[in-house]
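Here is a friendly walk through one protein chain. Please keep the sequence and the 3D view open while you read.

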Amino acid sequence: MAGAVEAKLAELGLTLPDVVPPLASYQPAVQSGVYVYTSGQLPMVDGKLAVTGKVGAEVTPDEAKELARTCALNALAAVKSVAGDLDRIARVVKVVGFVASASDFTGQPAVINGASELLGAVLGDKGVHARSAVGVAVLPLDAPVEVEVQVELVGA
């Protein structure tokens, strides 16, 4: 039975995806005490990247913002895989977003807003978080965006 968070996802027309399998030697998420830390989540859909390249070159900022939203959805799936239930999220503590950027692109914060806005829409006040948005030269598989999330759980 889906909880309130998954019901909110459905209300927004979204479905929690399967956890993206690791690309190397790591876990998609780990729990330590009351915190769950996700590994960097790429904008994978059905096991593949729909778009590759640098933001500000091959990928538009608007496309990248949507991809960051997909990364956040994948992060929620990773959190659920260790927490068991997204309703256990007390709050999102921190989001770190990486944007594979063309050399003159400086709009990383607007891109990572895709992830932040999704978390806010799904979790309300519990989705408000600290954040970093960083431009990088390249990401795994030539992904335009990668997002990692740290959440605090209740009942841990």
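## Ground rules

A residue is called buried when its relative accessible area is under 20%, exposed when it is over 50%, and partly exposed in between, using a 1.4 Å probe and protein chains only. The model is predicted, so to speak, under set limits: local features need pLDDT of at least 70, side-chain atom pairs count only at pLDDT 80 or more, and totals for chains, interfaces and linings use all residues. Residues are numbered from 1 along each chain as its sequence is written, and side-chain values use heavy atoms, with hydrogens and water left out.

## Overall build

The protein chain has 3 helices and 7 strands. Here helices (H or I, at least four residues) and strands (E, at least two) are DSSP runs, numbered from the N terminus. Following the sequence, the order of elements in the protein chain is α-β-β-β-β-α-β-α-β-β. The radius of gyration of the protein chain is 15 Å, close to the 15 Å from the globule rule for 156 residues, so the chain is as compact as a globular protein of that length. That radius is taken over C-alpha atoms, and the rule is 2.2 Å times the number of residues to the power 0.38. Along the principal axes, the C-alpha atoms fill a box of roughly 45 × 30 × 25 Å.

UniProt lists residues 6–148 as "domain: Endoribonuclease L-PSP/chorismate mutase-like", in an unreviewed entry. UniProt positions are given in the numbering used here, feature names are shortened, and annotations may be inferred rather than shown by experiment. The span 6–148 is 31% helix and 24% strand, and its end C-alpha atoms lie 20 Å apart.

## Inside and surface

Of the 156 residues in the protein chain, 42% are buried. A contact means heavy atoms within 4.5 Å. Among contacts between residues at least 6 apart in sequence, 82% join residues at least 24 apart.

The protein chain exposes about 7400 Å², with carbon and sulfur atoms supplying 53% of that area. Such areas come from the Shrake-Rupley method with a 1.4 Å probe; for residues, only the protein chains shown count as cover. The chain carries 11 positive and 17 negative charges, whose mean positions are 5 Å apart. Lys and Arg count as positive and Asp and Glu as negative, while His and the chain ends are not counted. Each charge is placed at NZ of Lys, CZ of Arg, CG of Asp or CD of Glu.

## Two aspartates with positive phi

D46 sits in the loop between strand 3 (44–45) and strand 4 (48–49). Its phi is near 55°, a positive value in a residue other than glycine. D46 is exposed, at 77% relative accessible area.

D142 belongs to the loop between strand 6 (130–136) and strand 7 (145–153). Phi of D142 is also positive, about 65°, although D142 is not a glycine. With a relative accessible area of 29%, D142 is partly exposed.

Setting aside neighbours within four places in sequence, S39 is in contact with Y26, Q27, P28, V147 and E148.

Q108 is placed in helix 3 (residues 108–123) and is buried, with a relative accessible area of 10%. Beyond neighbours within four places in sequence, Q108 is in contact with V99, S101, A133, V134 and G135. The C-alpha atoms of Q108 and V134 are separated by 6.4 Å, with the two residues 26 apart along the chain.
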